[in-house]
Amino acid sequence: MLGVIALFLVGSVFLFYRRDVVVKMLPFDNKSELQLMVGLPEETTLEETACVTKRVAEYVRTIPELRD
């Protein structure tokens, strides 16, 4: 069983060298932007969503690494 697993592992690594599988670990362009996704329940009203996103924006402004 371990031999089969090792064979599959070596085979999957070999796919990278043959360029059959594309490996993308970093984005192609160096964008200096941050996107935050706020997940709220479906029954959340627009006013509640606006309040939550405003609080998130206020918190993000306190992070020294972020400028704008």
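Biologist: Where does K31 lie?
Modeller: K31 sits in the loop between α1 and α2. Keep in mind that this is a predicted model.
Biologist: Is K31 buried or exposed?
Modeller: K31 is exposed, because its relative accessible area is 53% and the cut-off for exposed is over 50%.
Biologist: How far apart are K31 and R19 in space?
Modeller: They are 26 Å apart, C-alpha to C-alpha. In sequence, K31 and R19 are 12 residues apart.
Biologist: What phi does R19 take?
Modeller: R19 has a positive phi of about 60 degrees.
Biologist: On to the helix, then. What should the 16 residues of α1 span?
Modeller: At 1.5 Å a residue, α1 should span 22 Å. Its end C-alpha atoms are 23 Å apart, which agrees.
Biologist: Which residues form the nonpolar patch on the surface?
Modeller: L9, V13, F14, L15, F16, Y17, V21 and V23. Together they have about 760 Å² of accessible area.
Biologist: Take F16. Where is F16 found, and how accessible is F16?
Modeller: F16 is in helix α1. F16 has a relative accessible area of 39%, so it counts as partly exposed.
Biologist: Now charge. Which residues gather in the patch of negative charge?
Modeller: E42, E43, E47 and E48 gather there, on the surface.
Biologist: And where is E42 found?
Modeller: E42 is in the loop between α1 (2–17) and α2 (46–61). E42 counts as exposed because its relative accessibility is 83%.

Methods: Residues numbered from 1 in each chain as written. Predicted model: local features only at pLDDT ≥ 70, side-chain atom pairs only at ≥ 80, totals over all residues. Heavy atoms only, no water. Patch = residues over 30% accessible without salt bridge, like charges linked within 9 Å, V, L, I, M, F, W, Y side chains within 5 Å. Areas by Shrake-Rupley, 256 points an atom, 1.4 Å probe, with all protein chains shown as cover. Salt bridge = Lys/Arg side-chain N within 4 Å of Asp/Glu carboxyl O. Lys, Arg positive; Asp, Glu negative; His and termini not counted. Charge placed at Lys NZ, Arg CZ, Asp CG, Glu CD. Helix = DSSP H or I, 4+ residues; strand = E, 2+ residues; numbered from the N terminus. Buried < 20%, exposed > 50% of the residue type's maximum accessible area, 1.4 Å probe, protein only. Expected span 1.5 Å × (residues − 1).
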